[in-house]
Amino acid sequence: MSSSPSPSARVGRLAVVAVGLCWLAVLFDGLDMFIYGSVLPHMLAEKALGLTPDKAGDLGSYATFGMLVGALTAGTVADRIGRRKLMVACVALFSLASALCAMAGSVAVFGLGRTLAGIGLGGLLPTAISMVSDYAPRGRGALTIGMLMTAHHAGGILSAYVALWVVEPLGWRAAFWFCVLPLLFVPVLVRFLPESLSFLVAKGRTDQARALAGRYEVELPAAPAEKQAAGDRWNALANLFRGGEWTQTLLYWLASFGGLLLVYGVATWLPTLMRSEGYNLGSALTFVVLFNLGGIVGMLVAGRASDRFGAPRISAIWFALTAAGVFLLSVHMPLALTFTVVFLTGVFLNSAQTMIYATVSIGSRPENRATAVGWTSGMGRFGAVFGPWLGGQLLAANNGDWGFTAFALAGLSSMVFIGIAALRGSKRTASTGSGQELVGAH
């Protein structure tokens, strides 16, 4: 009897390589995204680059604006050069941008570095989600995407430890030099990451796609229908506003705006706001770790809860619990209780936004679903830009306590908007019986 591994075991390990490389890329994405918030208390304390709270809020918004640009252009660029090359380019871009931040001698140069990093960060995540969708084991696409999203929060945890272990002895610039290290990962991606099967099929490279699909034991994507014309794409967008659909569309967009305002506002300002409440830097960074651990747990349980109770209902409840948790952080509680509240807030906040997308997907007609989800995500990105700026303005006015209150109100607004949208769309949801899918939250 042969002792060689079975074909399914061999290709299973090969599929792990493809998905695992995407997971590591998203880990570095999360590290670069969260590092600014983790080192910000130290930069403000030493007035690095002449930084003030209002300027710090502007800088936080530069990165999220870059993410908006990156996310909106990723699809077009990927269609031209391929998802594999785009992933490599994004990792290289945000790594080199971190070097620019580390060398910056002024706020303007630092802001340019954060904006360029944001473009790379915004382009990487949707591309990685598309890649793992191609190489996920059969029947486990949603679970694989959920696992991929845990890497983003693992990067947030890593950023807190980098700030704790590197910044104190070496200064804030060392943290950004640390974020250049993913550049060493680029040759690994070039050597081992396979191209997207969907891209190969769309480009007519079916022989290559068939060989990769056979090697990784995944299904070959169906060949796309005739390429959608620009007029058809605009018609799909117009369908979101025809008849009574405009109300539903605006509710989804407003819910996404509030959700991403909350996600990125808290991600940027949590350590600084906690220090303003009297906690020391070590405790403030521990909050970042707990917040992102909660995000990992939340991503793993969100899909199961939505499958049982419905994504719209869970989204509204999750935002209400998030708002309560964020508001409680403005109250000075015993440290153990504060740790618990931060962890639970991370559980609910980081998966509440995911379930907005699931709700939109469920409530949309199949032919318009991609457009509806894409534009809901895009409109939400404006909230991601606004959140860090808002936190900076409140701190600059010595209203740090109002920072938690403002973010809590954003959570309540998303709860109301998604709740109303879900009630309005309940009849259509019941008639279509659409399935639910866990998709990337950020």
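Which helix gives the largest share of the nonpolar patch? Hi everyone, let's start there. The largest share, three residues, comes from helix α12, residues 281-309. Helices here are DSSP runs of H or I with at least four residues, strands are runs of E with at least two, and both are numbered from the N terminus.

A word on the model before we go on. It is a predicted one, where local features need pLDDT of at least 70 and side-chain atom pairs count only at pLDDT 80 or more, while totals for chains, interfaces and linings use all residues. Residues are numbered from 1 along each chain as its sequence is written, and side-chain values use heavy atoms, with hydrogens and water left out.

Back to the patch. Met147, Val297, Leu300 and Val301 form it on the surface, and together they have about 300 Å² of accessible area. Areas come from the Shrake-Rupley method with a 1.4 Å probe, and for residues only the protein chains shown count as cover. Patch residues have over 30% relative accessible area and no salt bridge; nonpolar side chains (Val, Leu, Ile, Met, Phe, Trp, Tyr) are joined within 5 Å, like charges within 9 Å. A salt bridge would be a side-chain nitrogen of Lys or Arg within 4 Å of a carboxyl oxygen of Asp or Glu.

Take Val297, which lies in helix α12. Its relative accessible area is 34%, so Val297 is partly exposed. Buried means under 20%, exposed over 50%, and partly exposed is in between.

Now for Ala408, in helix α16, residues 400-432. This one is buried, because its relative accessible area is 6%. Beyond its neighbours within four places in sequence, Ala408 touches Ala323, Val326 and Phe327, where contact means heavy atoms within 4.5 Å. Ala320 is 88 residues from Ala408 in sequence, yet their C-alpha atoms are 8.8 Å apart.

A cavity is a set of points on a 1 Å grid over the protein atoms alone where a 1.4 Å probe fits but cannot get out; lining residues have an atom within 4 Å of a point. Points are joined across faces, edges and corners, and volume is the space filled by probe spheres set on them. The second largest cavity holds about 50 Å³, and its lining includes Met33, Tyr36 and Arg114.

Finally, the whole chain: 16 helices and zero strands, with 55% of its 442 residues buried. Thanks, everyone!

Notes: Buried < 20%, exposed > 50% of the residue type's maximum accessible area, 1.4 Å probe, protein only. 1 Å grid on protein atoms, 1.4 Å probe; cavity = no way out; pocket = protein on both sides within 12 Å on 5 of 7 lines; lining within 4 Å.
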